[in-house]
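Subject: Structure handover

Hello,

Please find the structure below, followed by notes on what turned up in it.

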Amino acid sequence: MSSVIRLGVVGGARGKGFGHSLGSLKGRMKLSAICDLHPGVRAAWQKDFPDIHSFEDYETMLDSGKVDAVLLATPMPLHVPQSIAALRRGIHVASEVTACITIDEGRRLIRAVEQSKATYFFAENYVYSRTHRMIETMIRQGVFGEITYVQGGYYHDCRSLAFNQDGSLTWRGILRRDFNCHTYPTHTLGPIDRWLGVREGKDRFVSVMASTSRQAALSDYAAQRFGKKSRYANPAAFKHGDTQKLLIKTANGVLVDILFDPISPRPGNCAEHFITGTKACFHSNTPIPYADGMRAGPAIAFADKGKNGHYHWQPLMDMADQYEHPQWRRHLATAEKSGHGGGDYFILLDFANAIQGRGKPAIDVYDAVLWSAFIELSDRSIRTGKTLPVPEFRPKGKR
Ligand SMILES: NC(=O)c1ccc[n+]([C@@H]2O[C@H](COP(=O)([O-])OP(=O)(O)OC[C@H]3O[C@@H](n4cnc5c(N)ncnc54)[C@H](O)[C@@H]3O)[C@@H](O)[C@H]2O)c1
């Protein structure tokens, strides 16, 4: 392998964010190839990056000798087969979310990673947000005291992404047609895992119970966009209830309360969190008075009410000097310019670090499969009405 990691981006839509963050990793990782089925997508990349190789077929790219690593930003159902194909050839993999759809797929992915010399890195960018990492530092330093409740929400009106122009379903629409569960759990669970110390073995997700509303929003949208007689205007065309709810218990008795809604027509929040501890609580989106008026943002309130005897929200970022995560302290200027609140840059940085022997993958295959397993677990819980045990995927001693 050359000393600079030659990266192939697979799936050029979401992949764009990474393409543009690569400039910050000069001398360590460079964009070598784009692979996408769509000629228009490939042409747009070659316009932006004239020196890269272009491939329509994924396996042809893997066998071309032009890439040492791939970043998979293809539709979710392709992540496991494409990861395994690369790992078997000794090519490093960073996979977009989610890592897998079923638990069986996840176990196959784990086996492939264990049998390969190549690195697998899970590109869950929400773990890296500045707010999330600052909270991680505060929790480590005991600012929250004993944590008993963590709420996490992802609600985002993605109805338009479920349909092609002609009214047929995209891969996202097919997921809504075929599954009634939380199909996108890793953005919410990744940060919570880090806060509770699950990767470090300090706590564990033990059980999950899921429930759902009925489906209405997606068929209503299809009726408005494609006509009342169109195929998907029928509410029975989709299994996916509009609002999904998961209640997870941890070994330390923390209640983790998850909301998921990718279809209702309302303002969204992809990273809503509420943390309750004995010494402080956090909310990701609380209205706070600033000099120029009220604005909502991440805020903390301490259990100690102070002199006026009232709880008082204060902006989290006021405490950045004290609690900024070391990685953010070091890379703030670069990360702030990168997509997804710095996440795209940190993913590439930690992927390069893992490949070049500067530590284990910061987000590894066991994290990836555990967080993604809540797709199937919530599906089974909703179908059976049962609380289900959460499997342990990480072998003992492998942290
Ligand atoms: N981490 C995040 O914040 C974030 C944000 C958006 C999307 N995503 C993830 O990124 C992935 C892609 O999402 P998207 O919104 O860009 O999807 P998309 O459907 O808009 O784009 C997928 C791209 O992959 C290409 N493609 C499909 N099959 C292919 C194949 N076999 N080989 C090569 N290219 C192929 C398509 O032509 C298309 O350009 C998904 O896994 C999604 O979950 C993550």
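A94 stands opposite F121 in β6; strands here are DSSP runs of E with at least two residues, helices are DSSP runs of H or I with at least four residues, and both are numbered from the N terminus. This is a predicted model, in which local features need pLDDT of at least 70 and side-chain atom pairs count only at pLDDT 80 or more, while totals for chains, interfaces and linings use all residues. Residues are numbered from 1 along each chain as its sequence is written, and side-chain values use heavy atoms, with hydrogens and water left out.

Two strands count as paired if DSSP finds at least two bridges between them. Both strands sit in an open sheet of 6 strands with parallel pairing, in the order β3-β2-β1-β4-β5-β6. β3 (53-55) and β6 (120-122) stand at the edges with a single partner strand each, so one side of each has no neighbour in the sheet. Neighbouring strands of this sheet are turned against each other by 25 degrees on average, direction ignored. For angles, axes are lines fitted to C-alpha atoms, for helices over the stretch in contact, and the values run from 0 to 180 degrees between N-to-C directions.

Helix α4 (residues 79-88) packs on this sheet and touches β1 (5-10), β4 (69-72), β5 and β6; contact means heavy atoms within 4.5 Å. The direction of α4 makes about 165 degrees with that of β5.

The rule asks for a side-chain nitrogen of Lys or Arg within 4 Å of a carboxyl oxygen of Asp or Glu. R6 lies in strand β1 and D68 in the loop between α3 (58-62) and β4, so to speak distant parts of the chain, 62 residues apart. The whole structure has 24 salt bridges by this search.

The two domains

The domain assignment gives domain 1 (5-124) and domain 2 (127-325 + 364-389), with bounds from an automatic or database domain assignment. Their C-alpha centres lie 27 Å apart. Domain 1 puts 20 residues into the contact and domain 2 puts in 22 residues.

What is the area buried between domain 1 and domain 2? It comes to about 1,800 Å², and carbon and sulfur atoms give 75% of that. Buried area is the accessible area (1.4 Å probe) that two parts lose on being put together, summed over both. Between domain 1 and domain 2 the count is 0 salt bridges, whereas the rule for polar contacts finds 6 residue pairs across the interface, both residues at pLDDT 80 or more. A polar contact is a pair of N or O atoms within 3.5 Å; within protein, one must be able to donate a hydrogen and the other to accept it, and residues adjacent in sequence count only if both atoms are side-chain atoms.

On the side of domain 1 that touches domain 2, α5 (103-115) and β6 each supply at least two residues. The largest share of that side, 7 residues, comes from α5.

An open sheet of 9 strands has mixed pairing and the order β14-β13-β12-β11-β7-β10-β9-β8-β15. Its edge strands are β14 (313-315) and β15 (388-389), each pairing on one side only. Helix α8 (residues 186-196) packs on this sheet, touching β7, β8 (205-212), β9 (244-250), β10 (255-261) and β11, and its direction makes about 160 degrees with that of β7.

Some of the pairings in this sheet:

- β7 (residues 147-155) and β11 (residues 269-277) are antiparallel over 7 bridges, and G153 stands opposite E272 in β11.
- β11 and β12 (residues 280-290) run antiparallel and are joined by 3 bridges; a hairpin connects them through 2 residues, and T276 has C281 as its bridge partner in β12.
- β12 and β13 (residues 293-302) run antiparallel with 9 bridges and form a hairpin with 2 residues between them. In β13, R295 is the bridge partner of I288, and G297 stands opposite T286.
- β13 and β14 run antiparallel, joined by 3 bridges, with A299 opposite P315 in β14.

Regards
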